[in-house]
Amino acid sequence: FILIVVPESLPERVRPASWGAPISCEQADPFQSIRKIGQDKNILRLMIMVFLSYLPESGQYSCLFIYLAKVIGFSRKDVATFIAVVGLLSVVAQTLLLGVLINTVGNRRAILVGLCFQFVQLACFGMSTEPWMIWTAGCLAAFSAITYPAISALVSKNAEEDQQGAVQGIVTGIRGLCNGLGPAAFGLLFGAFHVDLTEPPNSGDGTGNRTGHVHVSRGVPGAPFMLGVLLVFLATLVALFLRDAHSKQNGASAELTRKELVP
């Protein structure tokens with residue numbers, strides 16, 4: 001199916017002459033593309049921003065729902081409704097809001113908007129003590145879902161044609177690393193602040209009603225979320241130094257036009 005249907009993504013100038021063409025050691029080096037990509041400061045900033053923004057996100061969603069039940073006191077029905085509402089709003093944000101933002105203010109500002117939503121929602125989760133505050137944070141979290149698609153689009157626009165696979169692979173690798181580090185960091189911080197999110201035997205009543213709050217010996221049950229606030233703040237600072245890809249492309253087009261006009 002791939003050989004027959006899927007088109008080749010590489011441009012003609014970088015395709016091998018034939019299937020049996022010899023491959024040099026330089027072409028086989030898996031780190032060559034990474035070193036070449038690292039020379040582009042804009043892409044490097046984007047990679048740093050992916051790490052700083054996705055690390056708290058992965059930790060947050062690994063423990064959020066048990067946190068709602070054990071610390072905030074949500075019932076099973078409340079948690080299920082919360083998941084459904086946040087998921088629906090996330091779809092709306094990524095299909096409607098993201099397109100409007102990119103078309104009106106550009107990728108870079110769309111990323112900044114998403115990071116601002118993420119910053120506020122993490123702060124709300126970290127300081128919330130009432131269910132209505134959690135619902136507000138959940139709505140903000142749904143709209144912060146525009147961040148990664150906007151970053152991915154800007155990464156694609158900044159990368160050269162023959163670097164698209166390597167760049168997106170690095171982004172996926174960073175997200176995979178965060179999927180391991182984020183939950184571990186959140187778990188360590190919950191333990192440091194004596195917030196036990198483990199489910200004790202027979203803790204529920206089988207009816208989906210509230211089962212009581214976890215006893216927190218220190219007054220900061222949402223400390224991991226506040227760490228996320230710090231990381232997202234750093235990601236926002238990095239985003240301020242990004243440049244939109246269209247400005248680079250417009251500059252190249254203008255230069256090409258000038259060369260064509262000069263006899």
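Over the ring of which residue does the charged end of Arg 175 sit? The ring is that of Tyr 148, with the charged end of Arg 175 3.7 Å from its centre. This is a predicted model, in which local features need pLDDT of at least 70, side-chain atom pairs count only at pLDDT 80 or more, and totals for chains, interfaces and linings use all residues. Residues are numbered from 1 along each chain as its sequence is written, and side-chain values use heavy atoms, with hydrogens and water left out.

**Charge over rings**
- A charge sits over a ring if NZ of Lys or CZ of Arg is within 6 Å of the ring centre and within 35 degrees of the ring normal.
- Arg 175 also lies over the face of Tyr 54, at 4.1 Å from the ring centre.

**Aromatic pairs**
- The structure holds nine aromatic pairs; rings of Phe, Tyr and Trp (its six-membered ring) pair if their centres lie within 6.5 Å.
- One of these pairs joins Phe 74 and Phe 82, 6.2 Å centre to centre, and with 75 degrees between the planes it is edge-to-face (planes over 60 degrees apart; under 30 is stacked and the rest are tilted).
- Phe 74 is buried, at 4% relative accessible area, and Phe 82 is buried at 2% (buried means under 20%, exposed over 50%, partly exposed in between, with a 1.4 Å probe and protein chains only).

- Tyr 67 lies in helix α3, residues 41-72 (helices are DSSP runs of H or I, at least four residues, numbered from the N terminus).
- Tyr 67 is buried, with a relative accessible area of 0%.
- Tyr 67 forms one aromatic cluster with Phe 125, Phe 186, Phe 190 and Phe 225.
- The C-alpha atoms of Tyr 67 and Asp 196 are separated by 9.4 Å, while the two residues are 129 residues apart along the chain.

Definitions and conventions:
Helices (H or I, at least four residues) and strands (E, at least two) are DSSP runs, numbered from the N terminus.
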